[in-house]
Amino acid sequence: MDGLPLLSLLIGLPIAGTLCMLVVRGDTAVVARNVRYIALWTSLITFGLSILLWISFDPSTADFQFVERRPWIPDYGINYHLGVDGISVLLIVLSAFLIPLCIIASWDSITTRVREYMIAFLMLEALMIGVFCALDFVLFYLFFEAMLIPMFLIIGVWGGPRRVYAAFKFFLFTLVGSVLLLLALLAMYFQAGTTDIPTLMATEFAPELQRWLWLALFASFAVKVPMWPVHTWLPDAHVEAPTAGSVILAGVLLKMGGYGFLRFSLPMLPDATAYFTPLVFTLSVVAIIYTSLVALMQEDMKKLIAYSSVAHMGFVTIGIFTLTTQGIEGGMVQMLSHGVVSGALFLCVGVVYDRMHSRLIARYGGLVHRMPIYAGVFMVFMLASVGLPGTSGFVGEFLVLTGAFQVSTWVTFLATTGIVLGAAYMLWLYRRVIFGELVREDLKSIVDLGRREILIFAPLVLVVLWIGIYPDPFLRVMHATVAHLITQTAGTVSTAELELP
Amino acid sequence: MSAFANDLSLAAPEIWLALAGMAMLMYAAFRGDRGWRESVWLAVGVLAVALVILADRPMMTVAAFDGLFVSDGFAMFMKQLVLIGGMATLVAGLGYMKREGMGRPEYAVLIVFATLGMMMMISANDLIALYVGLELQSLSLYVVASFQRDSLRSTEAGLKYFVLAALSSGMLLYGASLVYGFSGTTGFTALATLFEGDVAVPFGLVIGLVFVMAGLAFKVSAVPFHMWTPDVYEGAPTPVTAFFSVAPKIAAMALFLRVMLQPFGELVGDWQQIVIFIAIASMLLGAFAAIGQNNIKRLMAYSSISHVGYALVGLAAGTADGVRGVALYMAIYLAMNVGTFACILAMRRDGRMVETITDLAGLSRTRPLLALVLGAFMFSMAGIPPLAGFFGKLYVFLPAIEAGLVWLTVIGVLSSCVAAYYYLRIVKIMYFDEPAAAFDRPMGAELSGLLLLTGLFVGFFFLLPEPLLAGAEQAAAALMP
């Protein structure tokens, strides 16, 4: 490792950015302009660093890299311990990638309390990156839980009409899950005598204890993912959050659940994982089918996408718990893809919401006549969400289903029906919003994407196609880690070699 | 140095407080009401000097006055908290006293005497000494609770407090007499040796122990002896409430720990389930009852009840780590509460104090910094990392899990989620609601200073937890060698 503490820099930069914003002085307009630029540049530099991290990451080993370790609370052996492996590195890149887009997306739409808004976003970025690289569970929990504060404020201060309800629901649901996680972590500490995540991964817990611990961890991660039936906070939070808040919520916060399974449940509690796999499959399949059906009937675009998120995250959990190379890597790709695609879909809704101040599907129709570029962009993401080959959604879902097929044909069969339903609700949404006659008077003056909006969507489109056409750079970094993870969990690596789609 | 002189030197902080308190009384008598402001600063100075003398004491455990009084690391840690709490709340009350016609020097004198009583409680090594310290404290507190003598609410608070606290003192005394009757001693050291090994404990003594615990539970306002807290908190003048919520609580908690773990340390099996019960009851009642409150002082009363519940989780563990957790919890609780009450003291509109939480509406627009700090205190009390309150909870839940009290901790964390709701409600009112009329400015340099200190502590404790942890560690090691 070189001497540059890259991970600390990634966490520290956004925090430094917030400190800069605090000292900005002047009248409201000047402050707003300056903090926007500070936030943008900070997040862009952070993104640049995360790319550097990705490039200098060595994919040939499953060991943690860029490790930093300093004593923090020596009495309990708690360290400031950071490091990344093939699972976390891409999620860090994803977080750092989405934040600048969120800031550009909020450029004009957020006009009140801009300083606080940008501070909340940068704090969120620091905490998200912290979650993905913390290798000490107290540190992990600190980041994991602290994230609730900025997200609570983002939903509650800049959200829609029912923002208070949504913010409380989001906070309390997540909190209940997290405190159980904390207890499980404390119990593990007393079994293993350490809070060090790599050491805990190597520790064997008694099977009986494992089940309790697993359930406590599951309570937390299932709320985050979110899995049926604890998903109900998600539609509310998504609908009420400002556009950028929804993007981050769907793009990164949901991934913490999947990441938690991969980092904690699987390697630390392998016996319980095997024991509870049918439960996870059942809940995931129910989530996929049930929430897809619910999504069909939604009248609010954001709500529809929120329910589709639950369905797509169902694929992630299925993939992770197949414990096959394809399944886990598929789950990872699905997480990345969903992060980009659902974030982009929320941005698409944000575009028309900024113009018409309505998210009701019935309020739109025939937009293709006035907004051809928008229609094209929306189509790319819609198809990616459906899982069309050539887009990122296909790679993830295909790998997940390949993995699942080795484990259970029924699960695969039922999950595949979810794809059909997914195609139904997304295509129907697209038809109702984009196609048809432009009948409403006020829509006749709607304008197409501006330069700023194209700037936001261009990288998203590129990434979606990139993952769809050539996913190797993404898969390559996780091979070693996933293989190691499967050895830890199942004891053997599945023999089937990975075929690229 | 003779043994007696040595004893005196061990009790030097207490002796200093007693002498200085009497001197202040003289000063107050000659100066009259004009000298109230000087008397407050004088009292702060007196407490500060006591803090300095205290810091100068040796850390080892020494008993004095034939075992009536003990000076150890635990007592020193808790006394420091009490003294800091007393100084902070005295300073915080300055503006309030001036505006609300409470400017009389007796207030500061009574606070000094109450603090003296608390220090005696913390160092008590005998049931008699315990009672003497407790009563000195209580008598001073009865008077300060009704210090705003023209206010109906304040006098009502004082009277309620007096009647109920007298009852609890009676219970404690009754329990102490039972303990004495069945064991033949009141000294903690003698009691501790009595139960060593596998001896049969007389049933009457257990009854006595339960009565003593009831009395102590009243003093820390743990359920089911909490009924006085909301009324007294609401009725008493706000600076007095601030004082009530920190110093006596810390002292009583210290006493609770010492009584349970030193003389009756061998009887863990007998008292542990009682502590578990009152911990659970306090956490749950504090969490649920606060939801419906609209008066912020009442809300803080229920909040303090639930915080006592969390602290008792550490005691229920019955280990040195548990004691360390409680000591740390009380230190963090002190900072959060002093800060929150400093915010409440700044809630003044058109020259009058306002107390309902809806008065905080839109505070983030009218007073962004005040809202930020109060928001941090609320998140901290809810136990959200990285704020200090999280570490307080972490360090009491850790030993409880280690002691196998899993269900207690599960209930604890779930009730903290319920409690999070009402803390969040305050944040919601400050950040999400439309602004009400702004509070009066300026809020006073002393309040700003206190908010700065406590805010920095609560916000950045996680960066440097080591010194306080080490202090709590030493305290625990002294109590449970």
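Is Thr340(B) buried or exposed, and why?

## Thr340(B)

Thr340(B) counts as buried because its relative accessibility is 0%; buried means under 20% relative accessible area, exposed over 50% and partly exposed in between, with a 1.4 Å probe and protein chains only. This is a predicted model, in which local features need pLDDT of at least 70 and side-chain atom pairs count only at pLDDT 80 or more, while totals for chains, interfaces and linings use all residues. Residues are numbered from 1 along each chain as its sequence is written, chains are lettered from A in the order in which they are written, and side-chain values use heavy atoms, without hydrogens and water.

Thr340(B) sits in helix H15 of chain B (helices are DSSP runs of H or I, at least four residues, numbered from the N terminus). Leaving out residues up to four places away in sequence, its contacts (heavy atoms within 4.5 Å) include Met300(B), Leu374(B) and Phe377(B).

## Nonpolar core

The largest nonpolar core has 408 residues, and Leu460(A) and Met78(B) have the most contacts inside it. Such a core is a set of buried Ala, Val, Leu, Ile, Met, Phe, Trp, Tyr and Cys residues joined through side-chain atoms within 4.5 Å. Helix H15 of chain B, residues 320–345, gives the most to this core, with 18 residues.

Among the residues that Leu460(A) touches, not counting those up to four places away in sequence, are Phe97(A), Val340(A) and Phe381(A).

Definitions and conventions: Helix = DSSP H or I, 4+ residues; strand = E, 2+ residues; numbered from the N terminus.
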